[in-house]
Amino acid sequence: GGASALSVLTDRQFFDGELGFLARARGAVDVPLLRKDFVIDGYQIAEARAAGADGVLLIVAALAAAALAELIAAALEHALDPLVEVHDLAEVDTALAAGATLLGVNHRDLRTFTMDMTLTARIAPRMPPDVVLVGESGIRTFEDVETLGRAGAHAVLVGEQLMRAESPCDALLALRGAASGARMRPS
C-alpha cells in the first residue's frame with residue numbers, strides 16, 4: 001500500500017503486542033520500524049534497537065521532563081529516532097525543551113478518550129522549522145490526511161483504521177488517495 005514506515009505494537013499488557021513482533025516485521029519489510037510501547041526505561045530503547053527497530057515512541061504524558069530528555073538522548077545514542085508524542089499544548093513545550101525533533105500529535109485525549117482533530121492545526125504554528133510534525137489518531141479518510149497536511153503535518157501515523165480494515169493495503173491506498181485516482185504526494 002505504500003507505507004513509509006510501520007508502527008509495531010510491543011506492549012503486551014494493554015495491546016497484546018510483543019517485542020518479537022519487531023524482529024518478525026524486520027524480516028518481512030525494509031521500511032523503518034517504530035517500537036510502539038510505553039517506553040519508560042533506557043533498557044527498552046536498547047531492546048528496541050536489538051530487535052530491529054529504527055525508532056521508539058516516547059509519550060510525554062507518561063514521563064517526567066528529565067526522564068524524557070534522557071530517553072531522547074538514549075534513543076539517539078542507539079541510532080533510533082524518538083517519536084515524541086504529545087496530547088496538548090503544554091506537552092509541546094515539554095517535548096521541545098527535551099530536544100524533540102520528531103513530534104507526534106495524538107488527537108485522542110488520554111483522560112476522556114475524546115478526539116480533537118484540530119489539535120495538529122493549533123500546534124503546528126509553534127513548531128520550529130527543523131521539527132517534523134506527525135498527526136496521530138482519528139485518521140480515517142484521504143480528506144483527513146489532506147486536512148492534516150494543510151494544517152502543517154508532515155506525516156501521519158495510522159493504526160486503528162488499518163487494523164480494522166478487511167484489506168489494510170486497500171485501506172492505506174485509500175488514505176493515500178490512490179483509490180480515488182488522486183495524485184499522491186511523495187512521502
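## Phe 38, a partly exposed ring

Phe 38 has a relative accessible area of 36%, so this residue is partly exposed. The class runs between two limits: buried is under 20% relative accessible area and exposed is over 50%, with a 1.4 Å probe and protein chains only.

This is a predicted model, where local features need pLDDT of at least 70, side-chain atom pairs count only at pLDDT 80 or more, and totals for chains, interfaces and linings use all residues. Residues are numbered from 1 along each chain as its sequence is written, and side-chain values use heavy atoms, with hydrogens and water left out.

## Two aromatic pairs

How many aromatic pairs does a search of the whole structure find? The search finds two. The rings of Phe 14 and Phe 38 are edge-to-face, because their centres are 5.9 Å apart and their planes stand at 80°. Rings of Phe, Tyr and Trp (its six-membered ring) pair if their centres lie within 6.5 Å; planes under 30 degrees apart are stacked, over 60 edge-to-face, and the rest tilted.

Phe 14 sits in helix α1 (residues 12-15), while Phe 38 sits in the loop between β2 (33-36) and α3 (42-50). The pair therefore ties together parts that are 24 residues apart in sequence. Helices (H or I, at least four residues) and strands (E, at least two) are DSSP runs, numbered from the N terminus.

## The cluster

Phe 14 is exposed, at a relative accessible area of 55%. Phe 15 and Phe 38 make a stacked pair, because their ring centres are 6.1 Å apart and their planes are at 25°. Phe 15 lies in helix α1 and Phe 38 in the loop between β2 and α3, so this pair ties together parts that are 23 residues apart in sequence. Phe 15 is partly exposed, at 45% relative accessible area. Phe 14, Phe 15 and Phe 38 form one aromatic cluster.

## The whole chain

The protein chain has nine helices and seven strands. Its radius of gyration is 16 Å, close to the 16 Å that the globule rule gives for 187 residues, so the chain is as compact as a globular protein of that length. That radius is taken over C-alpha atoms, and the rule is 2.2 Å times the number of residues to the power 0.38.

The C-alpha trace spans about 45 × 40 × 30 Å along its principal axes. Of the 187 residues, 37% count as buried. Contact means heavy atoms within 4.5 Å. Among contacts between residues at least 6 apart in sequence, 51% join residues at least 24 apart.
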